[in-house]
Amino acid sequence: MSQATIESILKEQRTFPPSPEFAAQASISSMDEYRQLYEKAQADPAGFWAELAEQELHWFQKWDQVLDWQPPFAKWFVNGKLNLSYNCLDRHLTTWRKNKAALIWEGEPGDSRTLTYAQLHREVCQMANVYKQLGVKKGDLVGIYMPMIPEAAIAMLACARIGAAHSVIFGGFSAEALKARLLDANAKLVVTADGGFRKDKIVPLKPAVDEALQDDGVPSVDNVLVVRRTEQKIHMEPGRDHWWHDLQAGASKDCPAEPMDSEDLLFILYTSGTTGKPKGVVHTTGGYNLYTHITCKWTFDLKDTDVYWCTADVGWITGHSYIVYGPLSNGATSLMFEGAPRPSNPGCLWDVVEKYGVTIFYTAPTAIRALIKMGEHLPNARDLSSLRILGTVGEPINPEAWMWYHRVIGGGRCPIVDTWWQTETGGFMLTPLPGATATKPGSATFPFPGIIADIVDLEGNPVADNQGGYLVIKHPWPSMMRTVYGDDERFRRTYWEHIAPQDGQSLYFAGDGARRDEDGYFWVMGRVDDVINVSGHRLGTMEVESALVSHPAVAEAAVVGRPDEVKGEDVFAFVTLEGSGDGSEALAEELKAHVVKEIGAIARPSEIRFTDAMPKTRSGKIMRRLLRNLAAGQEVAGDTSTLEDRSVLDKLRGGA
Ligand code: WT7
């Protein structure tokens with residue numbers, strides 16, 4: 001965050017209570033009601049979650065024990081049997097929702113498609129049967145590398161249906177990144193498309209799969225299922241690659257949902273951390289189903305008449321929990337959009353709101369800031385009166401952006417839910433409830449019922465009001481990540497050992513700094529580790545550094561986030577070269593392209609500064625704080641007495 005953002009957040013005093021009309025129709029309609037739920041959950045967490053699990057989900061077999069907690073390993077609804085795809089589809093078919101729109105899809109070139117619950121169920125069954133035909137069994141893993149088309153959701157639900165786990169890999173990741181993720185998870189099948197449409201361009205996907213799999217690059221993969229989308233000419237490897245439409249034609253529309261153990265692996269989703277290799281975040285079935293269901297229901301005050309739209313990509317946790325599983329488990333109508341605002345169509349989001357009468361709109365602060373730049377005349381020229389709730393996620397929202405969102409998009413009448421959560425938490429942790437909570441611009445307000453959050457120092461002691469500290473969670477919750485795929489030790493080390501209370505309590509540390517104000521509101525201030533947030537996408541600085549040093553010309557690289565008005569942060573790299581080579585503009589471009597090849601376009605450095613030495617401490621640690629100051633064009637702040645060679649700093653200031 002920039003200094004200006006931090007200062008404006010610190011000064012923020014305004015509060016926005018829900019209007020009496022909004023509160024009157026909301027399912028949780030006052031702070032008293034919120035407090036009652038919160039206290040009930042705190043007093044008896046097992047009882048609270050068991051009651052909801054019984055009320056809200058279908059179980060083939062009831063659990064024996066609500067929670068088995070052997071810190072840091074949790075099991076929820078032990079021995080319970082259920083199926084997430086059943087809860088998202090089958091149970092709605094015996095109600096009037098059978099012919100209700102489950103997915104409304106708006107494609108980039110202007111094509112569109114609506115799938116009712118009955119239709120979605122049929123296609124999911126067909127894809128599940130195709131999986132079986134291709135040899136995928138319960139417990140196998142399917143890699144999904146897709147554009148934003150209904151088949152992406154269908155592919156996920158088909159996995160859940162037969163008990164195969166999925167690993168969705170964002171379509172913007174490169175062949176290298178795709179390969180690393182498929183290898184780590186031992187994927188048997190890859191579901192992809194010829195390509196997708198993104199901002200007036202065709203993004204090829206199948207060629208990246210070919211590259212990842214060439215020379216038996218991922219030996220576990222036997223088959224590739226390809227959805228036709230862009231009609232580009234692609235290579236189809238005989239015996240390995242199959243067109244979805246060919247196999248769909250012969251597939252039965254009936255496929256029973258496999259009763260899964262509550263703790264069976266549901267999916268892996270890779271996310272960046274402080275060390276080089278992205279980690280596979282593991283989510284399991286029962287707890288994830290319940291928590292995404294209930295957070296989606298209460299935070300968005302879901303009604304059967306809602307048209308709910310989350311603008312995320314299914315490749316991220318937001319898409320998993322709040323485009324696919326949360327909304328469908330509730331029988332809601334979820335809108336999926338392949339497009340994005342762009343110079344040739346800057347008003348496209350508002351056209352979609354108007355076209356479908358969207359009532360709930362959920363997006364990221366970076367998108368809001370980009371929309372502000374495009375101008376108010378765009379939303380003002382459309383009818384946005386259908387909107388009743390707005391949401392934001394991904395990074396702290398600056399109060400100016402919040403106010404614009406509230407005034408211009410929400411017409412001053414829509415509550416804004418600022419939801420703080422992570423890939424690891426599965427669902428919302430801090431969030432307003434729109435009919436109850438008086439919001440403050442820039443604050444994610446209060447913990448969801450059942451979430452015991454606190455702000456502490458390194459020893460786990462709560463800090464005073466308005467004092468910054470580490471944001472921790474003190475009690476397990478149903479959709480918490482279970483482990484790092486294949487690496488329990490890394491799970492323990494990464495999340496449970498940074499904050500070490502004397503009494504041995506286990507605290508989950510999220511990686512964020514936060515403060516709580518005198519009214520008890522939480523204000524998330526951003527990451528305190530080496531993770532940067534570029535347009536709401538999380539990147540490990542080490543990950544980008546490893547990509548840079550894998551280039552033969554690079555000796556050492558240090559990557560930091562530089563504040564950016566729209567993106568939040570962008571990637572700034574300091575690089576020392578092998579030998580006596582001087583950095584040229586051409587080499588900088590080559591290195592940027594190299595990072596795109598290794599990771600994907602989201603990691604492309606916006607600037608590379610060549611230097612013959614890095615500022616280091618006497619023990620050889622790169623002083624990143626100094627580099628962050630330099631990247632931001634600020635004077636180097638704070639203590640520099642541990643710097644080994646002071647002349648390095650002067651040279652860096654001068655630039656390359
Ligand atoms: C990190 C998690 C959860 C889906 C999107 C990103 C930051 C997320 C907020 C918010 C302030 C936020 C945190 C968090 N973050 N939402 N409302 N206010 N910061 O998921 O890639 O796992 O990233 O995003 O820093 O730790 P993710």
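C159 is buried, with a relative accessible area of 0%. This value, like the others in this report, comes from a predicted model. A disulfide is a covalent bond between the sulfur atoms of two cysteines. How many disulfides does the structure hold? The count is zero. C159 takes part in no disulfide, and the nearest cysteine sulfur, that of C255, is 12 Å away.

The nearest cysteine sulfur to that of C296 belongs to C310, 9.0 Å away, and C296 is in no disulfide.

## Salt bridges

Side chains of opposite charge can pair when their charged atoms come close. A search of the whole structure turns up 47 salt bridges. Let's look at some of them.

Take D304 and K100: these residues form a salt bridge in which the closest N and O atoms are 2.6 Å apart. Where do the two partners of this pair lie in the chain? D304 is in the loop between α11 (285-299) and β16 (307-310), while K100 is in the loop between α5 (84-93) and β4 (101-106). They are 204 residues apart, and the pair links distant parts of the chain. Is K100 buried or exposed? K100 counts as buried, at 7% relative accessibility, whereas D304 is partly exposed, at 31%.

R492 is partly exposed at 29% relative accessibility, and E489 is partly exposed at 42%.

Another salt bridge joins D529 and R527, whose closest N and O atoms are 2.6 Å apart. Elsewhere, salt bridges that share partners tie K206, D210, R240 and D241 into one network.

## The second largest pocket

Rolling a probe the size of a water molecule over the atoms shows where empty space is left. The second largest pocket has a volume of about 330 Å³. Which residues lie nearest its centre? They are A177, A180, R181, P278 and E598, out of 18 residues that line the pocket.

Helices α8 (175-185) and α18 (541-549) each provide at least two residues of this lining. The most comes from α8, which gives seven residues. Sorted by class, the lining of the second largest pocket has eight nonpolar, seven charged and three polar residues.

## A closer look at T275

T275 sits in the loop between β14 (265-271) and β15 (279-284). With a relative accessible area of 39%, T275 is partly exposed. Which residues does T275 touch, not counting residues up to four places away in sequence? Its contacts are R490 and M542.

Definitions and conventions
Residues are numbered from 1 along each chain as its sequence is written. This is a predicted model: local features need pLDDT of at least 70, side-chain atom pairs count only at pLDDT 80 or more; totals for chains, interfaces and linings use all residues. Side-chain values use heavy atoms; hydrogens and water are left out. A salt bridge is a side-chain nitrogen of Lys or Arg within 4 Å of a carboxyl oxygen of Asp or Glu. Helices (H or I, at least four residues) and strands (E, at least two) are DSSP runs, numbered from the N terminus. Buried means under 20% relative accessible area, exposed over 50%, partly exposed in between (1.4 Å probe, protein chains only). A disulfide is a pair of cysteine sulfur atoms within 2.5 Å. On a 1 Å grid over the protein atoms alone, a cavity is a set of points where a 1.4 Å probe fits but cannot get out, and a pocket is an open set with protein on both sides within 12 Å along at least five of seven lines; lining residues have an atom within 4 Å of a point. Grid points are joined across faces, edges and corners, and a volume is the space filled by probe spheres set on the points. Ala, Val, Leu, Ile, Met, Phe, Trp, Tyr, Cys and Pro count as nonpolar, Asp, Glu, Lys and Arg as charged, and the others, Gly among them, as polar. Contact means heavy atoms within 4.5 Å.
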